[in-house]
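This report walks through one protein model, region by region. Please keep the sequence and the structure open as you read.

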Amino acid sequence: MLEISSRTRSTMGVTKSDHHLPLLLPVAHSDDSAKRTGTIWTAVAHIITGVIGSGVLSLAWSMAQLGWIAGPFSMLFFAAITLASTFLVCDSYRFPDPDTGPIRNRSYPDAVRLNLGDRSAQICGVFMQLNFYGTGIAYVITSATCLRAIQRSNCYHKYGHDAPCEYGDTFFMLLFGVLQIFMSQIPDFHSMDWLSVVAAVMSFTYAGIGLGLGAAKVIGSGVIEGSIYGVSTSTGTEKMWLVSQAIGDVAFAYPFATLVLNIQVKAMF
């Protein structure tokens, strides 16, 4: 491999620490013309939105199903996985040096391609599409469930807790899907920094509401409910299904590692 002289490295914008870089950098990765308008505040807003996302809405139900041992353990387990994945992704943003670059990877396939090769990048693309598909389904179900819960709560307050307040969620799923189709047509929707701020405020709001309602329930009854084994069921199959759903909800509450690269791409640092 040819070594680049100091003068040539200076011309190309490559630091002196890069001793053995090829003369021609990959054009698809070395192009640094994309505008990075993010600041520390927009990065913090993105992080808050990712960490305190809509996944926290189902954590209370998940803890009730898993119990006081398996529930907190599952949260710590997925938190450790998220932390390790985040460090790995952060180190993959720049190539070949994680601090000085000079190549920036603007997507997961780019990072995988440079570090692991084209075949791994293709496999990564397949798993990314599956992840997007699953995440989309999870958001649709979560949104429809929350809207149904609000409607049922209003019914109980109006007609009493003995009223048959049962509602379906198909209408809310279709409504949420139509709204997503409409929002996806907005140009540069992903570049609206104020949207992340609004999302961060909303995340704090409904997380605070959930925490306040739980605290008010404990203070009002004077008893911390729940058990080591979680909510009991009539059959083992039903319990296994609820536990599997609870673990999936806990995993859905830790999406931060999938957002790190996007935050770094937009940031000015």
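## The second largest pocket

The second largest pocket has a lining of 46 residues, and Leu57, Ser58, Leu59, Ala60 and Trp61 lie nearest its centre. A pocket here is an open set of points on a 1 Å grid over the protein atoms alone, where a 1.4 Å probe fits, with protein on both sides within 12 Å along at least five of seven lines; lining residues have an atom within 4 Å of a point. The space in this second largest pocket is about 2,200 Å³. That volume is the space filled by probe spheres set on the points, with grid points joined across faces, edges and corners.

The model is predicted: local features need pLDDT of at least 70 and side-chain atom pairs count only at pLDDT 80 or more, while totals for chains, interfaces and linings use all residues. Residues are numbered from 1 along each chain as its sequence is written, and side-chain values use heavy atoms, without hydrogens and water.

## What lines it

Helix 4 (59-92), helix 6 (118-159), helix 8 (193-221) and helix 9 (236-252) each supply at least two lining residues. Helix 6 gives the most, with 13 residues. Helices (H or I, at least four residues) and strands (E, at least two) are DSSP runs, numbered from the N terminus.

By class, the lining has 28 nonpolar, 13 polar and five charged residues. Ala, Val, Leu, Ile, Met, Phe, Trp, Tyr, Cys and Pro count as nonpolar; Asp, Glu, Lys and Arg count as charged; the others, Gly among them, count as polar.

## Leucine 57

Leucine 57 sits in the loop between helix 3 (40-51) and helix 4. Its relative accessible area is 37%, so leucine 57 is partly exposed (buried means under 20%, exposed over 50%, partly exposed in between; 1.4 Å probe, protein chains only).

Leaving out residues up to four places away in sequence, leucine 57 touches Thr142, Cys146 and Tyr206 (contact: heavy atoms within 4.5 Å). Cysteine 146 is 89 residues from leucine 57 along the chain, yet their C-alpha atoms are separated by 8.4 Å.

## The hairpin

Strand 1 (residues 94-97) and strand 2 (residues 101-104) run antiparallel, joined by four bridges. Strands pair if DSSP finds at least two bridges between them. Three residues lie between the two strands of this hairpin. Phenylalanine 95 has isoleucine 103 of strand 2 as its bridge partner.

Arginine 104 belongs to strand 2. Arginine 104 is buried because its relative accessible area is 9%.
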